[in-house]
Structure formats: C-alpha cells, structure tokens
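Me: Before we discuss the terms used for this model, please show me the sequence and the structure.

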Amino acid sequence: MNKKQLALAVCVALGMTACQKSGDEPTSKSSEGVARSEVRSKAEAKVVNPLMQESTLPYHVPPFDQIKVEHFMPAFEKGMAEHKKEVEAIANNPEAPTFENTLEALEKSGALLNRVANVFFNLTGTISNEEIRKIQSEISPKLSQHQDDIYLNDKLFKRIEAIYEQRESLKDPEQRRLAEVTYQNFVLAGAKLTPEQKQRVRELNTQISQLTTEFAQNLLKATEKRAVLVTDKKELAGLSEDEIANLAAAAKVAGKEGYLITLKNTTRHALLSKLENRELRERLFRASAERALDVNGPVIQKLVKARAEKAKIFGQPNWASYKLLNQMAKKPEAVLKMLDDMAPKVVAKAKAEAKAIKAVMAKEGANFELAPWDWLYYAEKVRQAKYDLDESQIKPYFELNNVLQKGVFFAMNQLFGISFKERHDLPVYHPDVRTFEVFDADGKSIGLFYADYFAREGKRGGAWMNAIVPQSFLLNRKPVVVNVLNIPKPAEGQPALLTFDEVTTMFHEMGHAVHGLFSQVKYPSLAGTNVPRDFVEFPSQFEEDWAIDPKVIANYAKHYKTGEPIPADLLKKVLDSRKFNQGFDTLEYLEAALLDMEWHLISPETDVSDVPGFERAALEKHGVYYPPVPPRYKSPYFAHIFSGGYSAGYYAYLWTEVLAADAFAYMREHGGLTRENGDRFRKEILSRGFTIDPMQQYINFRGKAPSVDALLIRRGLVDSK
C-alpha cells in the first residue's frame, strides 16, 4: 500500500471521503460443500476468506458476493503484518538506497492491506451496520499506529531523504515528483522529530483516529434516530402524492407506522421548501440542526485540542497552518482573505433575498419573524412568482436513468469520446448498485464505473466518489470507481424523478469519476484523485456546468412518459432560476468554511466548552452571522472536517469553483462542447494525477492563472456583461 492510500484509508476509517464497504456472502456450490464438510483440506481452507487472495474477476473487482463481515479483521491483521515485513525489508536493505529499491518498492508494498481497506471503507459509508461500525472502531487506531510505524521509521526515512537529496539525477519527471511528494509526506508525518516528539505524535494520532471514528458513528446514529416520524398525513400538505408515498415506504422499511422524513447531511432539508405546516417545518429543521450536539460536542472539544497540539509539535501555531503546508493555498491567511473578501457581497445578497421573502410573508399575513425553517418555504414562493416555476412541473423531465444515459454519459462521450456499457455479470455490494464498463473512443477498455445512487439505511448522507481499485501502471491496474449519491428511492413501480440539484450532483460526481478513470500515472501515490484537497474538487465542479449545456440538456431533459423535450420556456425558467437564492446558498457555505477555519486556528491551550457559543462568535468575527441563514453544517454534524479529510480544508469547494468557473468560461470561448476541448482538459488535468503541481496543471491547460470573475458571474453575485 502506498503511503498516500494508507493515509486516506485512515482518514476514511475516521469517517468520510474515499472508500467504504461490507457484504454478505451467498456461498457457491463448492463452498456449500466445504461448509458441510467437517474436515477441510488445506487448499479449501485457503479460500475461505476471499479477501486474502487477489481477485480473479475482471479489473480485479472485489468478489462482493463472497465477502462476509467476519472476513475483514483477519484480512486487516494479516495485511498489516505483511506490510510491516515488506517495509522493514526496504528499511534494512544493506544496499545503497536507489529509487527502485526504496521508493518503487514502497509503492509495490501492502497489496493485501490496500485491497482490504479499499473494500471495507467503501462499505462503511454505503451499507454500514453495527458489525461494520464495531470493526471500524477497532481497526481505525490500529491503522493509525501502522501508518506511524512507517512514517516514523528512521532507517526508512534516511533512505528516502538520500534519494530526495539526489532527485535531480532522476531522469524521469514522475520519479522526481514521487521523491518530492514522499519526502514531504514523511516530514509532515514527523520523520524529523525527536524521539520524544515522535512518541507524542503517535499518541495523538491514535487519539485523533479514535475521536474521528467516534464522531462519525455518533453522527450516523443521531441522524437515523432523529428522523422525523409523521403520523397524520394532513401535516404533509404541500407534498405530492409520490413524495408522501416515498415517506410511507421509508417508514415501512424502518418498521414504523406513518411517514418517515429521514435527515440529510446538511442543515437544509429539501422538504422545508414544500411543507405548509410551519410546526412540522420547525420540527424538521431542529431535528437536523440540533442533532448530535450532546454526543459530538465533547468529541469536538477533544479533537481540536489534539490536532492543535500535534501542529505545535511541528512548529506550527495551529492545525490550519500545519494542514495547508502541502495545499494550493499554502497558508490560512490566503484562505481567510478569499472568504472575507466575498463575505460583504454575499451577506448583502442574502439580506436582499430576505427582503423579498418578507414581502411575500407580509402579503400572506404571516405574523412571525423570518426563521431558518421559513426561508426555503417562502423563497420557493418568491421563485415561483419570479419564474412561474413549480418543481412538480420540472421533475418529470429529469428521470434518473435518462439523466444518466442521455445526460451524464452523453456529455462524457461528446467531450472525451468514451462510452459506457452496463454489465450484469459482476457482483455488487448492494442490489441498487449498477455496473458499467467504460470504453475509450478507440474501443479499448478504460475501467469500471459503479453507480450507487439511492439513499438507504446505513448509508451516510451526501455524495462522493471512491476508487475501489486505483489506477497504476506500476501495478498493472485499471481503475474501478464508484459514484455514491443519496437520491430518495421511489416507491416500487414508480420512476425516480430528480430535482435539478440532484441532476447537477450526478454531473459533479462524474467529474470525480473521470478524474480517476482517466488517470495515466505509473505510481499509485500520485494517481487519480490523490491530489490536494483544494484541487480535487476542481474536475467535479467543472463538470457541473455541462448539465446545462444546450446540446446536453436537449438530449436528456425529456418527459419520462411521453419523451417530449422540456418546453423551451420551462427550460429557460429552470436555467434562469439557477442563480436564484445564491445569497443564501453562498452564505451558508461561507459560514461553514469559516467555522472550519476558526476551529482549526485555535491553540492547544484553548478550551471550548460551549460549541454553539463558539460558532456564533466565529461567525460574528467575520461578519457573516445572520440567524435566518444557518451554516450549511453546524459543528456536531460537520463530518467533512471532524470525521473526514477536510479539516481546515472545507474552503476547497469555493477555491476550486474559481478554477472550474474560469476553465468552463475558457472552453465556452473556444467552442464549448467539443472533443478538442475535452481532450485538452483530459490530457492536462484529468490524466495527470499529482505528477505535476496543480497550479501548473491549470496553467498548462488555460495558459494563465485563474480569475475570480467567472465565479462571481456563475453564482449571480455580479451581473454578467
């Protein structure tokens, strides 16, 4: 297992970002025979745990139909033991250090551990249960300790340092890049610390691992527990019959009578824009916004102090300064400047939107102040009045399979020449998962794409991409990636009709997918999406805009019953309305990003006993505290930063949106949806992984550094010329 993959596995073990899994194992005829037999041969015993050997399936995909939960711990233990021996052999090699016997050998090490981690951590986010959570709690600190044993190995680091110091003698640019990145990773992990400091870092890493896992599991339980059960159908006024049927189905699955509204990962819930019953809106908002404070408040306090102490050991004043050392932004000051520079315009825009909302409230005789649970409901009325737009009119034109096949796949074909062919012969970890083989324009296979789109119990909220099998020429691996979303599953026999936000999310996640699929990198540490946090969201946000390209949307926005294209006037309203409520959208994001930074700017001596009080003070400090618009994530359920890989990094979505908007504007100026544009983007961005500095990648593509102008226009914060 390469070092970056292991670090990622630890991050995800903590709760978020890239890989998850578990499974049942319907036994084959041969294994049934083994199960009945009291005496097993050694050969039979060797195949009992399918994780122990490399998959023989196409693309080395995991045999999901054979894997049981009890297979994971033995495979993890053996994987770590094997990896430890491999690393020790590299560190103690009596020969002088060379690229091949040190860095390349490290890249080849840990095959079993890597395989198990990629499978398991895909399942922790997609079909988690008590058994999986128990394993996750047990394995997370062990993986953290295992990672420390590698990064803090003095003999190993001396070999890496020797190669780094002679890196200019390496003729291959990718080898030089690997030497630089590996050296930096080891230094940032503590390779140059004193023995006493290393020991303390080990202790802190174990503590951080345990706390992030605890945060993730607390959140999952709280999100499930606080789902809102409605027993009186009359309270659901404002919802369509299909939506009500879906809530009834959700209640049935959960073993409850009535209608169950499951929570989203964000503060905002889509149904707040529709529910006419104000008491239910408030109940739903509070269920979301107040979840997990009791259990995760204490976890946050311990976690931020542990992170701050670790940063201090590395000579950094706070965790944000430490984390940004290897990111595009480099320093917290650069992040805060970007966020603070936007704040006044964003707050002003939100207050202007509030004025229009209050006018509608007054017209309807509302005798109460605008509250967070009112905003989306009345904003929808403003939107309908301004654009004469009803979501129930829109959704029939965005049926899931049509969006996928004739929208997402079509756009990828037009840009990159690739095609997707569905396969039904490969095992999946859940019946809802679909499998597609991806082919290049010349007919050669690229890899596999899994689509896991429907929400379900045991699946964390949000949307993400995982690499189940990362690309690597060194390991002779083609990529296997999965896109995970949380679209409400329709009642049996009903079509899955999407909101336009869900449509956009499908395009977004496909951006991550092609970043993994198009990787053309030798060394796995540098391949695919193994890039800085404030660059990884660039390809995904870039793909969002193709959802509204005239040629693309004309191809997929068709009525699911009649096949008729969406009427031109309705489409214009949909597109015009995308910039509606952008003050709210951007402000809730800015608030969350600033909370992230403030939590990670504290010193190790700082005690925070009042989480809501800290949040308010942080927002007031930056001039973004505005009660009707709460942060997209409040701290107790801010999984990105407290159980995932985005600590001091949530700003990355806006940072990379600058790149995405600028890149899309450039393409539009040069012909738009063309193979020439797509091939250029694929060559300079999507295929490079981390083999080239990210800003240099962008300049190689665009010809110059990005400007914020296109972003401000994209979000409707300034008028386009």
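Me: Why are helices α18 and α19 called oblique to each other?

Reply: The axes of α18 (residues 400-416) and α19 (residues 500-517) come within 10 Å and cross at roughly 45°. Angles under 35 degrees count as roughly parallel, over 145 as roughly antiparallel, 65 to 115 as roughly perpendicular and the rest as oblique, and α18 and α19 are therefore oblique. This is a predicted model, in which local features need pLDDT of at least 70 and side-chain atom pairs count only at pLDDT 80 or more, while totals for chains, interfaces and linings use all residues. Residues are numbered from 1 along each chain as its sequence is written, and side-chain values use heavy atoms, with hydrogens and water left out.

Me: What makes β5 largely enclosed by the rest of the structure?

Reply: Buried means under 20% relative accessible area, with exposed over 50% and partly exposed in between, for a 1.4 Å probe and protein chains only. Nine of the 10 residues of β5 (residues 445-454) are buried, so this strand is largely enclosed.

Me: How do you know that β5 pairs with β4 and with β7?

Reply: Two strands pair if DSSP finds at least two bridges between them. Strand β4 (residues 434-439) and β5 are antiparallel over six bridges, R434 standing opposite A451, whereas β5 and β7 run parallel and are joined by six bridges, with I487 in β7 as the bridge partner of F454.

Me: What joins β6 to β7?

Reply: Five bridges join β6 to the antiparallel strand β7 (residues 480-487), and M465 stands opposite N483 in β7.

Methods. Helices (H or I, at least four residues) and strands (E, at least two) are DSSP runs, numbered from the N terminus. Axes are lines fitted to C-alpha atoms, for helices over the stretch in contact, and angles run from 0 to 180 degrees between N-to-C directions.
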